[in-house]
Amino acid sequence: MKKKDCILLLIVIFVVSFVQPLNSATFFFNRDFNKNDLNLIKFSLLSYDWFFCEVGADEKYKAYLPGTVQTDLFKNGVIEDPYFRKNESKYSWIGEKDWEYWTYFDVNEKILEQENIELVFEGLDTYADVFLNDKLILRANNFFRKWSVDIKSLIRSGKNYLKIIFHSPLKIIKEKKEKYPYHKTTADYIFVRKPAYHFGWDWAPVYITMGVWKPVYIEAWSDVKLDGVRVIQKKVSKENADLEFILELISTGEREVKIELFQEDKKVKEVKRIKLKRGKNTETVELEIENPKLWWPLGMGKPHLYHFNVKIYTGKRVKGEWDDYIGIRKVELVREKDRLGESFYFKVNGIPVFIKGANYIPQDMFIPSVSEKRYETLFKNIIKSNINMLRVWGGGFYENDIFYRLCDKYGIMIWQDFMFACAMYPADREFLENVKEEAIYNIKRLRNHPSLVLWCGNNEVYEGWNHWGWQNMYNQEQRIKIENDYSKLFKELLPELVKKYDGERTYIHTSPLTNWGEPDLNTSGDVHYWGVWHGKEPFEIFNKKNKIGRFISEFGFQGLPDMKTIKEFTLPEDRKLYSKILRAHEKHPIGFEIIDKYMNDYFGKPVILEDYIYVSQLLQAYGIGMSIEAQRRAKPSCMGSLYWQLNDCWPVVSWSGIDWKGRWKALQYEVKKLYSDILVSPFQDKKFVNVQIISDKLKGVKGVLSLELLDFYGKVLWENKLSVFIPPNSNNTYFKIQKRQLLKMKDKKSVFLYITLFDTNRELVSERYYYFVRPKELNLLHPIVKIKIWKIKDGYHIELISDRLAKNLFLSFDNYEGFFTDNFFDLIPNKRKRIKFITTHKIKDPIASLKIMVYE
């Protein structure tokens with residue numbers, strides 16, 4: 001093939017059967033139910049037979065809870081896979097209809113004997129009228145809230161009838177828009193408290209879901225209920241941790257209770273006797289832990305969790321219990337005046353930490369279909385990628401408990417947006433009261449998690465109002481009204497609630513605090529840098545110091561998903577570049593056009609789809625890798641890098657590093673390398689080639705830095721070695737040479753700088769390849785790659801060697817799922833490289849099945 005095309009060295013064509021994505025999930029929600037938890041009885045209604053139908057229709061179907069109308073219709077064979085081809089538009093009618101769900105359930109006398117009986121919905125999507133035994137008991141209007149209803153007077157012995165009517169949010173929006181004529185917006189989601197991305201985004205389809213999306217159960221109790229425990233870390237140091245456990249208790253009358261607080265070794269740490277009054281009670285138990293084991297983010301130490309247990313006794317009977325894992329740590333967002341303006345960085349346990357993270361979006365359009373296994377798999381990928389923070393973006397939802405438990409377990413910090421994004425919201429009394437209850441519930445639910453480090457009011461609302469021309473749509477009176485609404489919601493209500501119900505974490509009213517178009521964006525706040533992609537600036541702009549903010553909380557570039565992923569939502573005739581089906585799975589209006597522009601500038605544009613996919617991923621990794629590297633080199637003035645985005649919610653062309661099926665793009669392999677604890681970073685300015693070493697380790701490292709200038713046959717043209725000491729948490733320049741001295745009369749299009757850093761144990765710490773021109777300008781040669789493969793316990797070892805430089809070598813087994821420990825890498829001439837393919841599959845003929853692509 002001609003230069004700048006992708007060369008397919010070995011091809012094995014497989015017939016890939018279409019796999020339906022919406023299979024029945026194993027829901028982690030169910031595990032806490034159908035048990036008598038001491039005094040409190042939780043009786044799950046998920047195990048009963050549920051049915052549903054369109055309101056007014058005769059035909060009924062079996063329902064699968066938790067779920068959505070779309071997933072239930074799919075499981076009943078009424079619709080095809082919603083993600084296949086152009087089914088999005090085909091099934092838009094589902095969100096326009098009203099739907100009815102119902103079940104019959106039995107209750108026994110033990111439940112009826114209790115003084116308090118409540119029906120609890122942990123999540124209803126979204127406008128739902130709930131009837132128990134034909135009596136209206138609830139009108140829900142918020143996806144993000146938990147709903148509890150007293151049903152003591154309505155529930156009866158034997159069979160009970162529960163019915164839920166879900167009203168189309170589209171109908172509600174139409175009614176509400178008439179109340180807010182001054183809101184000239186196409187973002188209809190502002191009128192309903194439901195995930196904004198369900199209404200479509202530039203990476204998401206439009207699927208207006210409805211249904212019971214979280215558990216539903218009966219909660220019954222008498223005498224005393226332990227309604228929650230708040231853990232406040234009053235003081236944290238290496239010597240001791242002073243903790244307060246604030247118990248929320250509800251009592252049906254005046255009584256004395258005993259409180260016992262245990263800490264993981266099951267020895268009683270604190271015992272307290274108190275008198276309760278009728279109604280709500282608050283009681284504090286203090287606990288000091290000497291020489292505490294601290295919770296640390298990934299890369300800084302172990303994320304230690306203490307197991308705490310609280311029991312409430314009346315006499316000798318246990319009446320309530322709380323059990324949780326708490327990490328002891330101190331987290332600060334430091335915003336202090338400095339020589340550049342104002343800092344923006346996180347300190348954990350007194351140590352500044354460079355944030356190496358990503359923006360996280362919901363894993364699926366149909367949220368209940370995400371199983372516990374999918375969460376676990378995603379977090380394994382997060383750990384492999386050296387990510388220490390996720391930003392939970394404000395157009396999705398407050399994640400399920402398992403998400404935060406996994407963050408606690410693995411040391412992943414969380415930047416938590418409240419659920420508002422990219423539009424101006426109303427702030428009338430009804431709306432604010434609804435949001436207030438939503439915020440209180442979620443603050444209380446999440447505040448004990450050590451992983452949670454920041455609350456943020458919204459995503460890009462303030463940015464849009466001040467920099468995207470929104471104000472031009474309104475007259476002065478309307479502008480004042482909308483700005484006042486913004487202040488009421490984001491500068492008054494939410495910060496007040498965070499202070500009252502959390503108090504330990506910082507709140508910022510919006511992200512970004514600084515606009516990417518400002519000349520002084522590098523002085524303060526966080527920045528969403530979209531000069532690349534939206535502004536169509538060249539990747540090299542990332543290297544300009546005045547374009548590197550104090551904290552970059554969004555930046556990104558699109559790349560196509562893996563070919564295997566594309567095969568799952570297409571037919572063979574769809575697998576052509578720019579086909580109607582591919583365009584239906586590219587939600588940015590000019591996405592392909594932008595990719596093409598940058599592709600022509602940096603790599604050259606192939607015409608075959610599979611080659612285009614490959615080069616689009618190289619392009620994405622090249623540009624975003626350049627940005628991450630520049631941000632790390634700017635430490636400590638820049639102290640955070642959150643690329644957009646980690647994951648996908650359906651099979652789509654997007655900014656993600658991991659596609660919807662969990663397959664890594666080239667970007668994710670680049671992230672893994674660039675987010676390592678120690679990074680060797682070569683770069684050039686006008687006259688010099690420089691080598692910086694950035695370390696996030698908390699201990700110093702001694703090593704040997706080796707530099708070699710090689711041609712594409714592997715010949716050493718120049719070399720140098722340096723003994724280096726890398727201080728803890730540092731950033732320094734270790735080598736500098738004039739370009740003309742290094743290159744002399746050599747052709748810069750035919751050489752590269754190969755750099756390694758080994759520690760004193762001869763362990764490779766960092767390995768980098770530096771090229772002096774853009775990829776399309778390189779005089780690359782066609783390599784011959786020899787391969788050896790042998791079976792190991794957890795997959796296969798693969799050994800490769802090439803006679804000349806093999807650039808961006810990509811490996812895949814079309815017919816087998818697994819994970820390559822490295823991919824899209826450069827292979828140095830005549831130097832063996834070993835990687836692993838981790839898989840549970842036994843491959844018949846690995847050599848024949850392995851497919852290789854290289855860029856040339």
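Is glutamate 492 buried, exposed or partly exposed, and what is its relative accessible area? I looked: glutamate 492 is partly exposed, at a relative accessible area of 39%. My scale is buried for under 20% relative accessible area, exposed for over 50%, and partly exposed in between, using a 1.4 Å probe and protein chains only.

Notes on the model. I'm working from a predicted model, where local features need pLDDT of at least 70, side-chain atom pairs count only at pLDDT 80 or more, and totals for chains, interfaces and linings use all residues. Residues are numbered from 1 along each chain as its sequence is written, and side-chain values use heavy atoms, with hydrogens and water left out.

Glutamate 492, continued. I find glutamate 492 in helix 9. Helices here are DSSP runs of H or I with at least four residues, strands are runs of E with at least two, and both are numbered from the N terminus. From glutamate 492 to histidine 509 I count 17 residues in sequence and get 9.4 Å in space, C-alpha to C-alpha.

Helix 7. I checked its span next: residues 429–446 make 18 residues, reaching 26 Å from first C-alpha to last, close to the 26 Å expected at 1.5 Å a residue. That expected span is 1.5 Å times one less than the number of residues. At the N-terminal end I see aspartate 428 as a cap, with a side-chain oxygen 3.2 Å from the backbone nitrogen of glutamate 430. The buried residues of helix 7 include Phe431, Leu432, Val435 and Ile443. Among the elements covering them I noted helix 6 (401–410), strand 30 (452–456) and helix 9 (476–501); contact means heavy atoms within 4.5 Å.

Helix 7 against helix 9. The two axes come within 10 Å and cross at roughly 35°. Axes are lines fitted to C-alpha atoms, for helices over the stretch in contact, and angles run from 0 to 180 degrees between N-to-C directions. By class, I get 12 nonpolar, no polar and three charged residues in this contact. Ala, Val, Leu, Ile, Met, Phe, Trp, Tyr, Cys and Pro count as nonpolar, Asp, Glu, Lys and Arg as charged, and the others, Gly among them, as polar.

Asparagine 349. I found this one in the loop between strand 25 (345–348) and strand 26 (351–353). Asparagine 349 is buried, at 16% relative accessible area. Leaving out residues up to four places away in sequence, asparagine 349 touches Leu294, Trp295, Trp296, Arg329 and Lys330.

Methods:
Polar contact = N/O pair within 3.5 Å; in protein donor to acceptor, adjacent residues only side chain to side chain.
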